[in-house]
Amino acid sequence: MLSKMDTVFRQPVGDERVLIGKSDTLMIWLKNIVFWVVFVVMTLIFFVFFILGAPLPPRVRHHTGVAWARSFLWLLKHIIGLDYRVEGTENIPSQPSIICCKHQSGYETLALQKIFPHQVFVLKRELFYIPVVGQGLMLMSPIAIDRQDRVKATRQILEQGTKRKRQGFWITIFPEGTRTKPGMRGRYKQGSARMAQTLQMDMVPVAVNSGEFWPRNAFLKYPGTITFVVLPPIPWNAGSVEELTKQCEEAIETAQRRIEGQGPFAAKGDAA
């Protein structure tokens, strides 16, 4: 009988699935080690440009962050073999909106910056304490919140969101508030809908199955193709905060069911 590591990968090829067994596990480890070494060196180089560009306007220095994200994606594709595809690009509005994305791994924080125009993320302030990366995040003008204080967090989202809208940014938020495992549904919070109505920005739901290839807090990333599904925008005035939140949740979770079961860490009942 094959062990969990022996049957770790189920990547679709046409109508068939290829099992990557134990003989390929060593190669996955080697590729990941090479990836992390190159990533650290690359990030340190970009950090120098971040510091040099700190005095520049937010929209100008934002280009450095996007370039870092694109480089990260390039490394994942060409070293690990992890790429992505996008369905529903015709649903991307022409005006800045609020991107409401399923959150399963760090991958979507990178790819969304390539799929959509310049954007800022709603994130927890604790990320600022990560050496180098945290300082880089601060220079990307995110909407930083204190997750321990819900009332304060809501105020921070609305105040900072208003400023970012004036600067011409899109806003990306993860409605469930944190990463969820493949096949799991978190509690969708009302912050994104409340922000949409306050700022009069439409909501764009996005489904993704990244956690099946890049598990939460995992050192190893696995080859394959992550799927993003950009769903039709939800107008900010299409209902109450509760109704907008429900529409967003149903749109994302319906799409999730269709794209689940493609990667090595798919939920057990979804793996084909």
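How many bridges join E4 to E7, and do they run parallel or antiparallel? I find 3 bridges, and the two strands run parallel.

Ground rules first. This is a predicted model, where local features need pLDDT of at least 70, side-chain atom pairs count only at pLDDT 80 or more, and totals for chains, interfaces and linings use all residues. Residues are numbered from 1 along each chain as its sequence is written, and side-chain values use heavy atoms, with hydrogens and water left out.

**Sheet.** I read an open sheet of 7 strands in the order E3-E9-E8-E4-E7-E5-E6, with mixed pairing. Strands and helices here are DSSP runs numbered from the N terminus (strands E, at least two residues; helices H or I, at least four). Two strands pair if DSSP finds at least two bridges between them. The edges are E3 (82–87) and E6 (143–145), each pairing on one side only. From one strand to the next, the twist averages 25 degrees. Angles run from 0 to 180 degrees between N-to-C directions, and axes are lines fitted to C-alpha atoms, for helices over the stretch in contact.

**Strand E4.** I then checked the E8 side. E4 (residues 98–101) is joined to E8 (residues 203–208) by 4 bridges, and the two run parallel. Ile-98 stands opposite Met-203 in E8. Ile-99 faces Val-204 in E8, and stands opposite Thr-172 in E7. Are the faces of E4 covered or open? Both are covered: Ile-98 and Cys-100 on one side, Ile-99 and Cys-101 on the other, are all buried (under 20% relative accessible area; exposed is over 50%, partly exposed in between; 1.4 Å probe, protein chains only).

**Helices on the sheet.** E4 is also touched by helix H7 (residues 241–259), which packs on the sheet against E3, E4, E8 and E9 (224–230). The direction of H7 makes about 25 degrees with that of E8. Contact means heavy atoms within 4.5 Å.

**H5 against H6.** I looked up how H5 and helix H6 (residues 191–199) pack: the angle is about 45 degrees, with axes 10 Å apart. That makes H5 oblique to H6, since angles under 35 degrees count as roughly parallel, over 145 as roughly antiparallel, 65 to 115 as roughly perpendicular and the rest as oblique. H5 contributes Thr-154, Ile-157, Leu-158, Gly-161, Thr-162 and Lys-165 to the contact, and H6 contributes Arg-194, Met-195, Thr-198 and Leu-199.
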